[in-house]
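Have the model open beside you as you read.

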Amino acid sequence: MKIAVIKETAPLEKRVAATPDTIKKYIELGFEVGIEKDAGINSYYSDESYEKSGAKIYPDVKNLISKSNIILKVNNIHANGEGGDNINNYKNNNKIIGFLKPLQNLDQIKSLAKNNIDAFSVELIPRISRAQSMDALSSQSNLAGYKSVINAVDEFSKAIPMMMTAAGTIAPAKILILGAGVAGLQAIATAKRLGAIVSAFDVRTAVKEQVESLGAKFVEVNMDKKEQSKNETEGGYAKEMSEEYKLRQKTLLEDYIKNQDIIITTALIPGKKAPELISTKMVESMKTGSIIMDLASEAGGNCSLTKANETIVKNGVKIMGPTDLPSQIPQDASNLYAKNLLNFIKLMVKDKKLNIDWEDEIIKNSCVSFQGKVINI
Ligand code: NAD
């Protein structure tokens, strides 16, 4: 059993799919591990630290891939990629695991299938209790929620906590979080720790208790019992709300947003375009110097003005749409992601041999290319 860890070449990507700690565990499971030279350098994991853990360093990535069964990645590979990100360097029966973004990258998944490369997309690992330790979406969103607040505060021209000084009092900043899922809850916790007055809004009323337990105010749109029972799927995800609800939500937010200093938006329904929660008119009503940090930028954004990986300034309000927040904390992001992958791979090994149970719902649901066919998309 051979595992390869490849250096990521996607723009802005600094993470790596394995750490020296997880390498030791793979070796205990019975794997030989090869690492592409400098694969961990942007996450501050040196080749020497991997070697000390028992991995072999490969300067020639093609040679490494040809010797390996399982390839650990952060991002997908594609036809025009360099080195380990180029599909032509892969062979029949390699297995790839990573954030393959199957909905956005259907053509890439089709070429993986055409080349007989089995592929697992970690975004599709079901959010069930048994898979919690493999939930890479959550581990990375959690860090993104934290970093979104840190970056927004860094751009903000005022202090966050209340300060009473001999020269006068500084009022605490008001931070609003739209969407209180994994990233949103961590954003609330981070903003509270910095001393802001924090409030949050979500269509799922079930999160009200969690928001309040973090010390934030839950901003509520009036809903009758029937609407409340319809706002969440069995899996705990938000559902698309009625047009009438959206209108009530818009009226409430129009009024609320005017007084906020920083807004972090994370609202998303999986597989759908991000809902627009902040219109241009709402941005224009905000105070100059305010910040909107839109985490849903890759899915179109929660603000009408958001552009992925750009900062737009409108009437002195900065709208930022970074898509690489976990990668901006590469050491911790790689550490958590590497553990998620290790726990996933453990499912595939028995008595130091690859033994994949294709009926296991975690394996079955996350597989997007299997024996030459695109599945689950
Ligand atoms: P999540 O599913 O846990 O949370 C999304 C939340 O949005 C849910 O609580 C849902 O109820 C809520 N929501 C849906 N529609 C809404 C609406 N109309 N109004 C208010 N709330 C609504 O997802 P997550 O893991 O927390 O990720 C949140 C977002 O952050 C996603 O868009 C994800 O892609 C993004 N993300 C961005 C980065 C980055 O670097 N920019 C990194 C990680 C995650």
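For sorting residues by class, Ala, Val, Leu, Ile, Met, Phe, Trp, Tyr, Cys and Pro count as nonpolar, Asp, Glu, Lys and Arg as charged, and the others, Gly among them, as polar. Sorted in this way, the shell around the ligand in this predicted model holds 18 nonpolar, 5 polar and 4 charged residues.

Let us look at that shell in more detail. The ligand is surrounded by 27 residues, and the closest are Ser 141, Ala 183, Asp 202, Arg 204 and Pro 322. The backbone takes part here too. A polar backbone atom of Leu 325 sits 2.8 Å from an oxygen atom of the ligand. For Gly 181, the distance from a polar backbone atom to a ligand oxygen is 3.3 Å, and a backbone N or O atom of Asp 324 is 3.4 Å from an oxygen atom of the ligand. On its own, the ligand has 860 Å² of accessible area, and the protein covers 87% of it. Two or more residues of the shell come from each of the elements α5 (136-155) and α6 (182-193).

Now turn to the sheet. Strands of a sheet pair through backbone hydrogen bonds, in either a parallel or an antiparallel way. Here, 8 strands make an open sheet with mixed pairing, running in the order β3-β2-β1-β4-β5-β6-β18-β19. At its edges stand β3 (56-58) and β19 (373-374); each has a single partner strand, so one side of each is left without a neighbour in the sheet. Within the sheet, β6 (residues 118-121) and β18 (residues 367-370) are paired in the antiparallel sense over 2 bridges. To find your way to this pair, look for Phe 120, which stands opposite Cys 367 in β18.

What about space that the protein atoms leave empty? Rolling a probe the size of a water molecule over the atoms shows where such space is left. The second largest pocket contains about 160 Å³ of space. Its lining includes Phe 156, Lys 158, Ala 159, Ile 170 and Asn 259, and by class the lining of this pocket has 6 nonpolar, 1 polar and 4 charged residues.

How many cavities of 30 Å³ or more are there? The count comes to 1, and the largest cavity has about 30 Å³ of space. Lys 7, Glu 8, Glu 13, Lys 14, Arg 15, Ala 39, Ile 41 and Asn 42 line the largest cavity. By class, that lining divides into 2 nonpolar, 1 polar and 5 charged residues.

Technical notes:
Residues are numbered from 1 along each chain as its sequence is written. This is a predicted model: local features need pLDDT of at least 70, side-chain atom pairs count only at pLDDT 80 or more; totals for chains, interfaces and linings use all residues. Side-chain values use heavy atoms; hydrogens and water are left out. A residue is near a molecule or strand if one of its heavy atoms lies within 4 Å of it. A polar contact is a pair of N or O atoms within 3.5 Å; within protein, one must be able to donate a hydrogen and the other to accept it, and residues adjacent in sequence count only if both atoms are side-chain atoms. Accessible areas come from the Shrake-Rupley method with a 1.4 Å probe; for residues, only the protein chains shown count as cover. Helices (H or I, at least four residues) and strands (E, at least two) are DSSP runs, numbered from the N terminus. On a 1 Å grid over the protein atoms alone, a cavity is a set of points where a 1.4 Å probe fits but cannot get out, and a pocket is an open set with protein on both sides within 12 Å along at least five of seven lines; lining residues have an atom within 4 Å of a point. Grid points are joined across faces, edges and corners, and a volume is the space filled by probe spheres set on the points. Two strands pair if DSSP finds at least two bridges between them.
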